[in-house]
Amino acid sequence: MQGIWTTERIREAEGRLFAVTPEGELMRRASFGLSVQLADFLEDHTGGVSGRRVVLLVGSGDNGGDALWAGAFLRRRGVAVTAILLKPEKAHPAGLKALKRAGGRAVSAEDGPQWIARADVVVDGIVGISASGSLRPDAARLVDLVEAPIVAVDLPSGVDPDTGAVDGPAVRATRTVTFGGLKPVHVLAPSWCGEVVLVDIGLRPELGEPQLRRLDIVDVAAAWPVPGPEDDKYSQGVVGIAAGSATYPGAAVLAAGSAVRATSGLVRYAGHAADIVRAQWPEVIATGTVADAGRVQAWVVGPGIGTGSDGRDVLRYVLGQGVPVCADADATTIIAKSPDVLDARDPDTPLVLTPHAGEYERLMGRKPGPDRVTAAREAAKKYNAVVLLKGHCTVIAAPDGRIAVNRPRGAWLATAGSGDVLSGLVGALLAAGSDPWLAAAAAADVHSLAGAIAAQNAPTSASGLVHAIPEAIRAIRSLTS
Ligand SMILES: NC(=O)C1=CN([C@@H]2O[C@H](COP(=O)(O)OP(=O)(O)OC[C@H]3O[C@@H](n4cnc5c(N)ncnc54)[C@H](O)[C@@H]3O)[C@@H](O)[C@H]2O)[C@@H](O)CC1
Ligand SMILES: [K+]
């Protein structure tokens, strides 16, 4: 599992390491690592290093210091380096001296445009973890002129380091070189960071427990249920799907199909779309009502059930069965309208809620806002449930405070019925007895991988996603076995 630390924790850890490290050593490690990455980037993008032109955008803090020192290292490899100083009087003194000593040039913001026009690569050393707000107008004007690829130092300036939010001009980087540990921006705003490279500066032992996590493929592979020699169709966990209606049978077909494809045990369906589900997925045992469904180890409830009294009764029934429940789509709206349905639930039984932004607003009475991690965490606390807040980077919060951020693989999942497929995946893992936070995070990862496989750079559909699930699981397992 990858750890991600808030800037507050990074700063505290840096403070501790600072105290036991010779002066300037941490910046030397960071900037040397940055210069290696910049040389590598130049090689990739221009086919060489010596004689190439690099422009540094340098702000007033240590982020600019990193850029200046890296510029000095690059000079030794024959790179022409020009630093544009946004605040000349505040530019990192030692870094500036080192760059000049190495034969680099420093110019003012007014003289910047002509150098930007000729740059092979631009380095964003405007602002780092002490950033607040978007780019200031002087920096924004220069960034606007850049046509060369940008390498960001630590993080792309203008993007909030702790939330990944962007509410004005910001740098869009092709590569981000960060130091010591990943920060939230790197997993919450991947499209602004580009490829993220972590340079080790010896900080890891000081960092402690991460505040956010991102599952690695090995974690997803380990979380995915695989039958053993002693298993039968029941012992792997039976999934119940309470979804769809006569008017909206599609949600039932998608959620049930997703569960069928995700595990090799048994899937039961209960609802008004039983005939259609049976026709599409003959292996599903389909009945008309949840009361007739038979024993299951987890329920998926909500997609397409409607928000009226029928839906409410179904939701209340499944919540009262003492098994984990994934409440999706209409079930979230019912909970928001009639929170008393939750009285049916034994509070120790896992509940996973999967709201998109609109459903979140219904559940919480406010929009998720720019800080999606806090938003998910608060909902998880309020409902004593795992909350999977959907978005380009889906955030999964557990009531005990654990947070996972999902790795997006393109935006093809933004397609009708995609959420029904996700809920089937979550249900399959819940039925197998997985920890509900891990179940939701692993399901989100397989969902995103299935999306990429199904799409192959062309639009796909929710049905396409369902069919790509086995290939996604196979790909994950093959990388780890
Ligand atoms: N502290 C350490 O031990 C290390 C820090 N390193 C570097 O130091 C950086 C942090 O440096 P600093 O704390 O000096 O601060 P920054 O370089 O992040 O920011 C400098 C100052 O810019 C101003 N500012 C804030 N938002 C702005 C905006 N939107 N536009 C323009 N100016 C803005 C603020 O006055 C802020 O203090 C890290 O991101 C990293 O690059 C690395 O050298 C590794 C070691
Ligand atoms: K930066």
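Visitor: Which residues does the UniProt annotation "domain: YjeF N-terminal" cover?

Guide: In this predicted model, the annotation, which comes from an unreviewed UniProt entry, covers residues 10-209.

Visitor: Which residues are closest to ligand 1, and which helices supply its shell?

Guide: The ligand is surrounded by 24 residues, and the closest are Gly 61, Asp 62, Asn 63, Gly 128 and Ser 130. Helix H1 (7-19), helix H2 (25-46) and helix H3 (62-75) each supply at least two residues of this shell. Sorted by class, the shell around ligand 1 has eleven nonpolar, eight polar and five charged residues.

Visitor: How should I read the two faces of strand E10?

Guide: The general idea is that, in a regular strand, side chains alternate between the two faces of the sheet. In strand E10 (residues 239-242), Val 239 and Ile 241 lie on one side and Gly 240 and Ala 242 on the other, and all four are buried, which leaves both faces covered.

Visitor: Which strands are joined to E10 by bridges?

Guide: Strand E11 (residues 267-270) runs parallel to E10 and is joined to it by three bridges, with Val 239 standing opposite Val 267. Strand E13 (residues 298-301) is also parallel to E10, joined to it by four bridges, and here Val 239 stands opposite Ala 298. If you follow the chain from E10 through helix H11 (residues 250-262) to E11, you trace a right-handed β-α-β unit.

Visitor: Where is Thr 354 found, and why does Thr 354 count as buried or exposed?

Guide: Thr 354 is found in the loop between strand E15 (351-353) and helix H15 (357-364). The way to decide is to count C-beta neighbours inside 10 Å, where 20 or more make a residue buried; Thr 354 has 28 and therefore counts as buried. Its C-alpha atom is separated by 4.6 Å from that of Leu 388, although Thr 354 and Leu 388 are 34 residues apart along the chain.

Definitions and conventions
Residues numbered from 1 in each chain as written. Chains lettered and ligands numbered in written order. Predicted model: local features only at pLDDT ≥ 70, side-chain atom pairs only at ≥ 80, totals over all residues. UniProt positions renumbered as here; feature names shortened; annotations may be inferred. Near = placed C-beta within 6 Å. Nonpolar A, V, L, I, M, F, W, Y, C, P; charged D, E, K, R; others polar. Buried ≥ 20, exposed ≤ 12 C-beta atoms within 10 Å, placed from the backbone. Pairing = 2+ DSSP bridges. Right-handed = clockwise from strand over helix to strand, strands pointing away.
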